[in-house]
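Here is a short note for a colleague who is opening this structure for the first time. Please read the points below alongside the sequence and the model.

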Amino acid sequence: MITITTFIKYFKKVTCHVTSILDKNVVVMGRNTWESIPKKFRPLSDRVNVVLTSNKNYKVPEGVFLVHSLDQVRSIIKNRNLFIIGGESLYR
């Protein structure tokens with residue numbers, strides 16, 4: 001059985017791995033997923049954090065991208081690896 005600690009280490013290794021030190025991978029998550037991450041771990045380090053929400057008044061910290069559609073995500077990705085890490089509605 002995999003422990004949560006082992007999973008988190010694996011998740012970080014996979015989502016932080018890049019081929020060039022100038023690039024960062026993009027992690028896209030819904031607002032609920034963002035809020036489920038303990039504040040001390042937000043934003044996820046060494047990755048471009050993107051929060052997708054329909055709430056136009058939602059606030060995120062500086063350095064985190066707030067978007068309201070998947071089309072907006074495309075403008076952030078550029079040629080980077082993309083990981084959609086959650087939100088049930090994001091997958092739908």
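1. Ile2, Ile4, Phe7, Ile8, Tyr10 and Val14 make a nonpolar surface patch of about 640 Å². Patches are made of residues with over 30% relative accessible area and no salt bridge, with nonpolar side chains (Val, Leu, Ile, Met, Phe, Trp, Tyr) joined within 5 Å and like charges within 9 Å; a salt bridge is a side-chain nitrogen of Lys or Arg within 4 Å of a carboxyl oxygen of Asp or Glu. Accessible areas come from the Shrake-Rupley method with a 1.4 Å probe, and for residues only the protein chains shown count as cover.

2. The model is predicted: local features need pLDDT of at least 70 and side-chain atom pairs count only at pLDDT 80 or more, while totals for chains, interfaces and linings use all residues. Residues are numbered from 1 along each chain as its sequence is written, and side-chain values use heavy atoms, with hydrogens and water left out.

3. Ile4 is found in helix α1, residues 4–16, and counts as exposed because its relative accessibility is 59% (exposed is over 50%, buried under 20%, partly exposed in between). Helices (H or I, at least four residues) and strands (E, at least two) are DSSP runs, numbered from the N terminus.

4. Asn49, in strand β2 (residues 47–52), counts as buried because its relative accessibility is 2%. Leaving aside neighbours within four places in sequence, Asn49 is in contact (heavy atoms within 4.5 Å) with Val27, Met29, Trp34, Pro43, Leu44, Val64 and Phe65.

5. The protein chain has 4 helices and 4 strands, and buried residues make up 32% of its 92 residues.

Key
Buried means under 20% relative accessible area, exposed over 50%, partly exposed in between (1.4 Å probe, protein chains only).
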